[in-house]
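Hello,

Here is the structure I promised to pass on to you. My notes on it follow below.

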Amino acid sequence: MSSIADAVQILRVKGLKVTFHTYAGDVKALDGVELAVRKGEILGLVGESGCGKSVTSLSIVGLLPPNAKVDDGEVLLGETNLLGMSKEGLRKVRLSDIAMVFQDPMTYLNPVLTVGSQIQEVLEQEPDIFVPLMAKSMLEDAQTQEGALPKMKLEEMAATGRAGRKDRRTLARAYVLKMLREVRLPEPERIFKLYPFELSGGMRQRAMIAMALVRRPKLLIADEMTTALDVTVQAQILQLLKELRTEIDASVLLITHDLGVVAEVCDRVAVMYAGNVVEVADAEDLFADPLHPYTQGLLASVPRVDSEVRERPSISGSVPNLIYPPSGCRFHPRCPKAFEKCPQTKPLLIEPKPGHLVACLLFEK
Amino acid sequence: MSQPTDGKQGEADYGRRADIRHILSQMRQNPIVLAGAVISAISVLVALFSWVFIGPSYWIQLDPPLKLCWNNAVIDWHIQNAITSCGSTVFPLGTDNYGRGLLQMILISIPVDLQIAFEVVASAVVIGTVLGGVAAYLGGVVDEVILRVTDIFLAVPGILLAIVLMVILGRTIPILTISVLITWWPFYVRLARSQVLSEKEKLYVERLRATGVGGSRILFRHIIPNTIYPVLVQATLDIGAVILTVSALMFIGLTPDPKYPELGNLAKQGIQYIFTAPWLIVFPGLTLLIISVGFNLLGDGIRDVFDPRLRR
Amino acid sequence: MTAMADEILRIEGLVKWYPKKSGFYPRKVSNLQAVDGVSLSVKKGETLGVVGESGCGKTTLARTVMRLTEPTKGSIVFEGTDIAKLRGRKLRPFRRRMQMVFQDPYASLDPRQNVRSAIMEPIRIHRVAKSSQEAQMMAADLIEEVGLNPDHLSRFPHEFSGGQRQRIALAIALAVSPEFMVLDEPTSSLDVSVQAQTLSLLRRLQRDRSLTYMFISHNLAVIREVCDRVAVMYLGRVVEVAPTSVLFNNPKHPYTVALLSSIPVPDPSKRKELVPLAGDVPSPVDIPAGCRFRARCAFSTSKCADVSPQLVQVEKDHWVECLYDIDFMAKTKSELSA
């Protein structure tokens, strides 16, 4: 249990404020989001619809729609602030540093290209970066030579990053096949030539994961990755994620509304409500001892397969309209423990227990 | 410190007021649409009230003195001279070849054109929506039969059919209206049918069936009102198109009377004097242009304002 | 299974196929066997859960029971009458007694119809009220019964949140005082915090109105919380039926076992080495003979390819469609590998 300041942080979101301008009014979607992803961890970002978790992830990679405006805050990847970056700079970041996997692969994969060629397409950009990356990866794996390229050539590519077009193609293809195998797709050669609609949901999601991981990103953002999948297929994907952790050196920001998924795979968890992060803790600590009233209410109300309880308490009221958000603490209208200060002061994240952060006035002295 | 809020302030923000605000903001953003709306509104107003001021039998002139004005045969565009040199009555646009004031003639032609256009479009919408809706909802044999009949009518070239019908049955306005209608309604059958086909797959239709609501009620009280917007857009656009078609037919000679107050007919008379008194064809033509463009823009505007919102 | 006096619905051998024909002389090309022989009995006042993944046929089962589509074979006996082949006028009185709530509350409402009109429509059609005034009063009562205000009556669907829309859908369904309700994933598209509210509303309505529910879901946690008995479906057939606690504590069908162990629980201390079910969820087109689960079953034998299992009673109220006893198979397998 170490506090935030100790571990190496891959990504740090500070005070992020985002507003959407719609014809109905200004939606204050994010109200000062504070988040940090440490190197090598799987951080779960959990919340209901409208809490801002997807907006946060889109803000990080610069994919917000045109009517969204970032009012304040920083998104630090290492030392660089992604919010100030040019379009070209962000594109490079999305290419080699941060990769995203979305909820519905059918809408995010190009339906007229085969799976393999889509992934290969990614690798054919920025040869200076990718050629050495691919070559090194192929060299590491003695088995995956596939008669593709001789060792000497690979070493030369790894060192200089230069290669003829034909060689680059062959290398990329072999590398993609290797990735398809890594995501445990059966018969990678056959899958390579298939179109997205010819694959099942689970296989498509694996293909998306492969597309994300081919570039060996520092951070993988999985936005509701398993929400659209059947539960048995979801189990396969979660298992895959756990197995890949040791093989791939990436940190993961796992966004979901499913508390079971979070408990199953995440090291640490951040809970969001109405545009704010309200609690952050190690997974065991969050589920065993939730501090924020929203987290407590959520955990108490969610149905569980392993429990015989049949009448559960529910959080009163409903998610607020963010065009007119509640003042002070945005949860106060629904909070069973609210007191006079709550509508007046916005609580900030503090650390009442080591490694466990809460944004609640109950914990402020 | 500002007043504490509890998040309930947004509750009044839905409903009619927000919709009207949205429409107005769209109009502000798109002045062309606004222009279309204004032109169409003016046309309709003129159509409704011009006969009050000018008199419905103005166009029947018996042996009038030929005037033509706007200064003799030589073109001289001083309006003051026209007024003074054309006698005591006011002819701001001069007179036509029958001695009637051109402006007055245009003003009483507009209601004629608009009336025919509204009749054709309204009938086409009703016939097309009913047939198309029933075809789509019932499917099977009914659908096939209606589709084939529609295809036959679609294949008939409109202007030729109008010519043939009017030559055989007589050159009257009702026959003209009907012959234009005959070639117009198939489009609406197709449009309504495709709309209903996709709408009837929606979940609320299934829910209504589960509730026990009967087929015709579902079709006419639920499906059709939900699919009416594209039809309305098309209808508005078509008003302009029908006016042009009717004018074209009159222009080639299918009029009940050479003196009939109708824009195409005026143009037909005016074209004989195109070199000596070009205003006789320019002004009716310009009026035609403005009115049809106006309804066109209005139709486009309705589509822009309403369609994206429907996807809400 | 013999008919019981307190049985409100009995489905026997229900089959719904969607054959695809092709060619000028239509020849059957493929057959989508959505529901392929389901027999269930629903007792008055209970909540029967129907659970399964995509392609298992639970939604088709719901639509067929509600007679939104005509079954290919089989019977649906509602309070003594077989409604499987009834149509039109003869079916109408049953529509009053059986109602359905759908998964997507927004799509199930006509966007141009305000709440009052939507609730009064079934009242008017089934002539439940004697006058328009009485109908309006009923609408006001219903809207309050589902937890909304009377001033919501003049509003339109798009002005409400998901949870509220589901309440409106419930009010419409309850307007004719049905005895039986099919709930097709009623909380799946709602937020977690709203789900709990909706489930408690459903419970209260069931108590107050003596309703019988058929609750369809893919979410086993919700099923466990709400249902008295559960039927597990796979590829168009019911593979296991049991009272809730029995199913969750002592599942007998390999699919049920796999399903239960695939579900992540909100408790990190119970983190498991998930042994996920191999393969993908199959499609119900042209299902081969034999047990339809054998391709993914950890215990399948050669016999499973030849014999199609039927539902067999393994203990009181507990039926399983498998040729073997799973505890025996599991023990044998672990002994063999030891």
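Chain A has 13 helices and 12 strands (DSSP runs numbered from the N terminus: H or I of at least four residues for helices, E of at least two for strands). This is a predicted model, in which local features need pLDDT of at least 70 and side-chain atom pairs count only at pLDDT 80 or more, while totals for chains, interfaces and linings use all residues. Residues are numbered from 1 along each chain as its sequence is written, with chains lettered from A and ligands numbered from 1 in the order in which they are written.

The C-alpha trace of chain A spans about 70 × 50 × 45 Å along its principal axes. Of the 365 residues in chain A, 48% are buried (20 or more other C-beta atoms within 10 Å of their own; exposed means 12 or fewer, partly exposed in between, with C-beta atoms placed from the backbone).

On to chain C: 23 of its residues are in contact with 16 residues of chain B (C-beta atoms, placed from the backbone, within 7 Å). On that side of chain C, α2 (88-97), β6 (98-101) and α3 (115-125) each supply at least two residues.

One residue to look at is C:Ser189, in the loop between β7 (180-184) and α6 (192-209) of chain C. C:Ser189 is partly exposed because 19 other C-beta atoms lie within 10 Å. Leaving out residues up to four places away in sequence, C:Ser189 touches C:Gln103, C:Asp104 and C:Gly162.

Best wishes

Terms used: Contact = placed C-beta atoms within 7 Å.
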